[in-house]
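Thanks, everyone. Let me put the structure up, and then I'll walk through a few pieces of it.

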Amino acid sequence: MSEDIIHPPLLAQTDSATNPEHVQWMRQAMQMAEIALAHGEVPVGCIFVRDGRVIAQARNRTNKLRNATRHAELEAIDEILADKQWTPALTPYPLSETTLYVTVEPCIMCASALRQLGIKEVFYGCENDRFGGCGSVLGVNAEVPHPAHPAYEAKGGYLREEAIMVLRRFYITENANAPVPKSKANRVLKTTITPQTSLQSQA
Amino acid sequence: MLDPDPDSLEEVVGRFIDGDLDDLIPEENLPFTHLKLVQDEEEEVMSAVRTEQAWVVALPDPKQAADTLKWLKISGLETADMDHLKRIRKQSSQMTLLLTYTRTHPSPPSLPPALALPAPYTLLVPRSAALTQTSLQLKNTLWPTVYAPRRKHEAEPWARARVQWACAAMRRVVQEARAARARGELPIAAYVPVPHDDETRAATQLSKPLIAGDTRVSAAHPLRHAVLNAIRAVAEYRAALPDASPPPASADAVSEDMREACEGGGATRNGTHYLLTSLTLFTTHEPCIMCSMALLHSRVKEVFYLIPMDKTGGCGGAACVPGLKGVNHRYAINRWRAGRDWAVECGLEVGPGTDA
């Protein structure tokens, strides 16, 4: 029943969003999202890649740390900056040669953090309608001017449907962390995915 | 070790020392101004009502309402930006069901054959909730619309005692920023005081103030901003409470549509001892976009700052994060009057390109 409702990805996305190199990296980010799910965290995962190798991988830890700002990206950034191998000396833009792969579009907070650190570029899975900082809600990566930090490119659509489905799997389970859990016994896992309606300008 | 507070601060604080603590201070005499987040668009005449096309379907039999609503819930057609519209319109005996916007579904949505419904058609519906009774009446002629007058974050009355509380907090955060400068850091600090009223104090379970300076120099970490450090201090304080109930801190990690797609309702976060809910944050400099969004994720109630950061700030400068369309929480922004003078006297200036 669901097959006829799933729309094919928009043509403009197909060119880049199926690029095997990016998809392969995104698959590793997706594994981090799965780990987050297994730990009762919102399943968002990411990896940072420099010179063809993964220098950090992380996932959300907001519940564990009781801190709504501990998104996957900030967790990984802390690892990179604390590691002398990857940050021998602090430069103004320590991530200028580093690419981020993250399963969900970075939120406004993370998008700003990445710009402040001079990230080279960002590839993400699904867009984030409520908090997206790379065009969905605010274009912190490029559109919003900054007197010092260069803009960066953020491209979406890589393993998009998998990114959406892992989030749905999280929200359909009883969130044991909620103070007064809401019964989710009647929930149905939706499998239909609507296409991205507008392609954000991504640079 | 610290210099005494400058005269400008003493002068401002001094104005609120004498007098009845319960006196309400008129807005124009407050030591800060309240930033209006959203400019409400007037929709008081039909031509001003913003609309868009939606797919609707007539229900031949009113008894079909329950079944079609049930199907609609799992159909994937509903989107969060339809929340201001009622799902069913009743006109005399005719019932019509709202399906989805044509923007998201350019072709007519397919309906379950079992329900034997006629073909959907398009109709203009209001784009937003009604803010006034007049606009509600106008909008209801198009499609039944939710009435949601804006009350939140309108300027609230300030009693003298509460103004004194705010002055003391601002003074404390300035001290901390000067201490940060003395340590070789950027002169930026953030402070979450114990709430002024007993009720909020009890509800937020915050019995001691938390303060943080900027540490990006000593930590060799460009993101160790005062506001993020303060948020972390609150998190650690809460984690250390003996009876800390488990935190639902994940609420914001992604689109809530996702959550709604599964549970068919908004996320619930009950209890105000959640992150920075109901708490006020004072800071010397307008928070950067990262920190402004971190405060939104943390559900802070209001933010006060001294120095606007026109080129990098996320609370009215380069962007106004809590005023963005789509975000699921709003907090009030208050800018201290003549804050820049005060900050300059205290040596709290930073470059215009700095993310505070």
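Start in chain B, with strands β8 and β10. Strand β8 covers residues 189–192 and strand β10 covers residues 280–285. The two pair in the antiparallel sense, over two bridges. One of the pairings to look for is Ala190(B), whose bridge partner in β10(B) is Thr283(B). Keep in mind that this is a predicted model.

What sits on the sheet here? Helix α6 of chain B, residues 226–240, packs on it. That helix touches β8, β9 and β10 of chain B. Its direction makes about 145° with that of β9(B).

In what order do its strands run? The order is β2-β12-β11-β10-β8-β9 in chain B. That is an open sheet of six strands, with mixed pairing. At the edges are β2, residues 32–35, and β9, residues 210–213, of chain B. Each edge strand pairs on one side only. From one strand to the next, the twist averages 20°.

A few totals for chain B. It has nine helices and twelve strands. Of its 356 residues, 54% count as buried. Take the contacts in chain B between residues at least 6 apart in sequence: 70% of them join residues at least 24 apart.

Over to chain A. There is an open sheet here too, this one of five strands. The order is β2-β1-β3-β4-β5, again in chain A, and the pairing is mixed. Which strands form the edges? They are β2, residues 53–59, and β5, residues 153–155, of chain A. Each of them pairs on one side only. The twist averages 20° from one strand to the next.

Two helices to point out on this sheet. Helix α4 of chain A, residues 72–82, packs on the sheet and touches β1, β2 and β3 of chain A. Its direction makes about 130° with that of β2(A). Helix α6 of chain A, residues 160–172, also packs on the sheet, touching β3 and β4 of chain A. The direction of that helix makes about 60° with that of β4(A).

Look inside the sheet next. Strands β3 and β4 of chain A run parallel, joined by five bridges. Within that pair, Val102(A) stands opposite Tyr124(A) in β4(A). Strands β1(A) and β2(A) run antiparallel, with six bridges between them. There, Phe48(A) has Ala56(A) in β2(A) as its bridge partner. The hairpin of β1(A) and β2(A) has two residues between the strands, and Asp51(A) in that hairpin takes a positive phi near 50°.

Stay with Ala56(A) for a moment, and bring in Glu79(A). Glu79(A) lies in helix α4 of chain A. Not counting residues up to four places away in sequence, it touches Ala56(A) and Gln57(A). Glu79(A) and Gln57(A) are 22 residues apart along the chain, with C-alpha atoms separated by 8.7 Å. How accessible is Glu79(A)? At 42% relative accessibility, it counts as partly exposed.

Compare a residue in the loop between α3 and α4 of chain A: Asn67(A). Is Asn67(A) buried or exposed? It is buried, with a relative accessible area of 3%. The side chain of Asn67(A) makes a polar contact with the side chain of Thr69(A), at 2.7 Å.

Last stop, helix α2 of chain A. It spans residues 20–38, 19 residues in total. From first C-alpha to last it reaches 27 Å, close to the 27 Å expected at 1.5 Å a residue. Its buried residues include His22(A), Trp25(A), Met26(A), Met30(A), Ala33(A) and Leu37(A). Why do the buried residues of α2(A) lie on the same side? Because they cover an arc of only 160° around the axis. The face turned away from that buried side carries the exposed residues Pro20(A) and Ala38(A).

At its start, a side-chain oxygen of Asn19(A) reaches to within 2.9 Å of the backbone nitrogen of Glu21(A). Just after the helix, Gly40(A) takes a positive phi of about 75°.

That's my tour. Over to you.

Definitions and conventions
Residues are numbered from 1 along each chain as its sequence is written. Chains are lettered from A and ligands numbered from 1 in the order in which they are written. This is a predicted model: local features need pLDDT of at least 70, side-chain atom pairs count only at pLDDT 80 or more; totals for chains, interfaces and linings use all residues. Side-chain values use heavy atoms; hydrogens and water are left out. Two strands pair if DSSP finds at least two bridges between them. Helices (H or I, at least four residues) and strands (E, at least two) are DSSP runs, numbered from the N terminus. Axes are lines fitted to C-alpha atoms, for helices over the stretch in contact, and angles run from 0 to 180 degrees between N-to-C directions. Contact means heavy atoms within 4.5 Å. The expected span of a helix is 1.5 Å times one less than its number of residues. Buried means under 20% relative accessible area, exposed over 50%, partly exposed in between (1.4 Å probe, protein chains only). The arc is that of the directions from the helix axis to the C-beta atoms. A polar contact is a pair of N or O atoms within 3.5 Å; within protein, one must be able to donate a hydrogen and the other to accept it, and residues adjacent in sequence count only if both atoms are side-chain atoms.
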